[in-house]
Amino acid sequence: MPLDTAAIARGCGSRLVTADQLCGRELDRFRDALDAGGPVTVSCTLQAPLFDEVAEEMGAEERVTYAKIRESAGWSSEAEAAGPKMAALLAAAAEPVPPAGTVPLVSRGVALVYGRDAVAVEAGQRLAEHLDVTVLLSRPGEVAPLHRNTFPVLRGTIRGAKGHLGAFELRIDDYALPAPSSRTHLLFGAPRDGAVSTCDLVLDLSGGAALFPAHEVRPGYLRADPRDPAAVERLVREASHLVGEFDKPRFVDFHGSLCAHSRSRITGCTRCLEVCPTGAITSAGDTVAIDPHVCAGCGSCAAVCPTGAAAYALPPADALMRRLRGLMRAYRAAGGERALVLFHDGDHGEPLIDALGRHGDGLPAHVLPVQVNEVTQIGPEAIAALFAYGAAAVRVLTRARPKHDIAPLHRTLDLADTLARALGYGAESGAALVATIETDDPDALGEALRAAPLGTPTAKPAGLVPEGPKRAVLRQAFREMHVAAPAPVARVPLTAGAPFGGLDFRTQDCTLCLSCVGACPTHALTDSADKPLLAFEESLCVQCGLCAATCPEDVIALIPQVDFEAWAAPRRVVKEEEPFCCTACAKPFGTRATIERVIERLAERHWMFTGPAGAERLRSLTMCDDCRVEAALNQGFDPHAMPERAKPRTSEDYFRERADG
């Protein structure tokens with residue numbers, strides 16, 4: 001493949017060493033690079049095990065990274081123009097990514113084989129020497145009994161299941177033990193419902209509906225069609241190795257203090273609950289709870305979470321953004337123009353790109369592939385940053401039949417595309433700048449990329465170095481996208497349900513009770529300790545609706561939008577009133593409008609504030625808490641006492657009155 005070393009050197013801005021056989025007779029060049037003491041990026045992954053071995057011998061394994069420029073850039077019909085792209089891929093690979101945490105899974109090998117017939121029993125026999133096996137048959141026909149009871153064979157139907165590798169719990173109905181006298185086929189005793197079983201592994205050969213949503217990614221749950229011998233063979237082989245301790249990545253970092261799910265038993269944001277394919281997320285009072293043992297790492301929750309409470313950790317949002325920044329800066333410095341960034345995963349996207357490079361025309365020179373753990377982890381902050389850094393379009397490669405529901409991904413991409421086109425990044429044709437490519441065919445991928453319209457990249461790329469938690473990174477990215485926009489506008493309306501927006505206040509009816517401030521989980525709404533006021537900061541609002549649902553006067557409405565001027569402006573005062581000062585001690589408390597309204601209504605409608613004593617009681621309402629208590633004690637007023645009821649008039653009263661004339 002051709003190698004434009006001048007372009008690569010311009011883009012990477014670091015020492016460039018070339019070799020024909022770096023993994024062979026020129027291996028000393030790699031050693032010399034390690035001896036220099038700095039980070040080393042190797043532009044070939046074929047002999048990565050050899051380079052890792054050498055780096056480990058020299059105690060430098062943490063300083064070595066890899067970039068695949070051959071299949072992604074050099075093997076292409078446009079390879080002559082791929083120098084800027086190679087520089088971009090090398091620069092992105094050199095960006096450090098912090099290691100993700102792990103979650104331990106422990107399996108002792110207790111396995112339940114669930115089926116309907118002899119297929120399940122045979123699988124149990126094959127696994128008995130590796131695992132502690134129990135076979136559970138649901139409504140079995142005539143199944144021959146075992147000659148030796150090396151493992152239990154029971155009857156029952158699983159009605160509910162929860163858990164993961166090492167910690168499954170199953171609820172079983174029609175549970176029954178076999179009769180020892182079974183002769184030609186298994187006979188079972190009296191059944192009972194509601195039995196509970198625990199195990200480390202579940203092998204489902206029932207042929208019925210899966211026991212779990214997104215069952216393909218549930219650790220420890222293995223399922224195969226009992227009519228497919230090859231599938232059963234793969235299941236048995238995989239199950240036999242699931243004994244011991246396993247480390248599972250902790251895909252999502254969750255910060256409950258940022259969660260906008262609920263306040264005071266009023267439900268607000270439910271976005272993550274709606275998109276989780278595995279059921280790993282559940283409601284837990286004011287917040288949600290994410291079970292890291294069940295989480296499959298699709299990242300949809302982090303992509304849709306508006307507050308940053310759920311943040312993807314593989315890599316974190318700011319680390320991914322730094323990688324995108326390095327990618328775009330190197331591409332421009334090396335002379336590249338109008339880049340299309342292609343997000344893809346490792347399981348599906350990488351083999352497709354490799355096949356296109358090896359057997360087709362390869363990726364176009366302006367297409368910059370970026371591998372992520374799952375494409376559904378992509379949030380609006382990453383796409384906004386790309387346009388701010390100078391990208392001309394973004395595509396996300398998914399399977400023709402995705403593993404997870406990608407409707408949340410489509411909503412994220414639609415939102416990002418709306419912002420990009422509104423800010424002048426759009427193509428003349430008006431076609432989408434941000435979209436998916438849903439295919440399993442490498443040639444179709446190549447055709448889609450070549451046909452993808454390119455927008456108008458910014459003439460003043462941002463130099464933003466993102467830092468901090470996800471919400472802070474998002475605010476930085478949106479601000480930079482607006483600053484760099486070819487045709488900026490102050491406000492972009494969004495569809496209902498969008499995670500960004502403002503609030504419409506009917507201030508004339510607001511009593512400044514500040515219930516909304518107590519309900520707001522992001523502190524977009526605040527008050528003041530010095531005077532009665534309500535303030536609002538739009539960049540913090542996530543449109544959870546808790547303020548509107550909590551407001552007793554029903555004066556708040558949501559406005560889905562991105563108002564860039566409001567995002568850049570300081571917190572604005574929505575309503576401010578004159579404080580009411582205690583008539584006894586002059587201490588301010590409440591607002592004048594509220595106190596006067598309360599006095600007016602009570603004077604007209606409540607028996608306690610009418611009559612001779614009413615005026616004194618009304619005056620107590622103009623006092624602070626301490627003075628009001630003192631006044632009530634001095635008056636001897638019992639607020640729980642009702643007015644003295646009139647005695648009933650009897651016939652004796654009537655005759656007495658007539659006699660008195």
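Glu374 is found in the loop between strand E19 and helix H12 (380-389); helices (H or I, at least four residues) and strands (E, at least two) are DSSP runs numbered from the N terminus. The model is predicted: local features need pLDDT of at least 70, side-chain atom pairs count only at pLDDT 80 or more, and totals for chains, interfaces and linings use all residues. Residues are numbered from 1 along each chain as its sequence is written, and side-chain values use heavy atoms, with hydrogens and water left out.

Glu374 is buried, at a relative accessible area of 11%. Buried means under 20% relative accessible area, exposed over 50%, and partly exposed in between (1.4 Å probe, protein chains only). Glu374 touches Gly297, Cys298, Tyr312, Asp345, Lys403 and His404, not counting residues up to four places away in sequence. Contact means heavy atoms within 4.5 Å.

Helix H5 covers residues 83-94. Its 12 residues reach 17 Å from first C-alpha to last, close to the expected 16 Å. The expected span is 1.5 Å times one less than the number of residues. Of the 12 residues of H5, 11 are buried, so the helix is largely enclosed by the rest of the structure. Among them are Gly83, Pro84, Lys85 and Met86. The buried residues of H5 pack against helices H1 (5-12), H4 (70-74) and H10 (317-333). They also pack against strands E1 (40-42), E2 (64-66) and E19 (367-371).

Backbone geometry was examined next. Most residues other than glycine have a negative phi, and most peptide bonds are trans. The peptide bond from Leu314 to Pro315 is cis, with omega near 0 degrees. Pro315 lies in the loop between strand E17 (310-312) and H10. Arg338 has a positive phi, near 50 degrees. Arg338 sits in the loop between H10 and strand E18 (340-344) and is partly exposed, with a relative accessible area of 40%. His523 also has a positive phi, of about 65 degrees. The loop that holds His523 runs between helix H16 (515-519) and strand E24 (525-526). His523 is exposed, with a relative accessible area of 55%.

The protein chain has 22 helices and 29 strands. Its radius of gyration is 34 Å, well over the 26 Å that the globule rule gives for 661 residues, so the chain is more spread out than a compact globule. The radius is taken over C-alpha atoms, and the rule is 2.2 Å times the number of residues to the power 0.38. The C-alpha trace spans about 130 × 85 × 50 Å along its principal axes. Buried residues make up 49% of the 661 residues.
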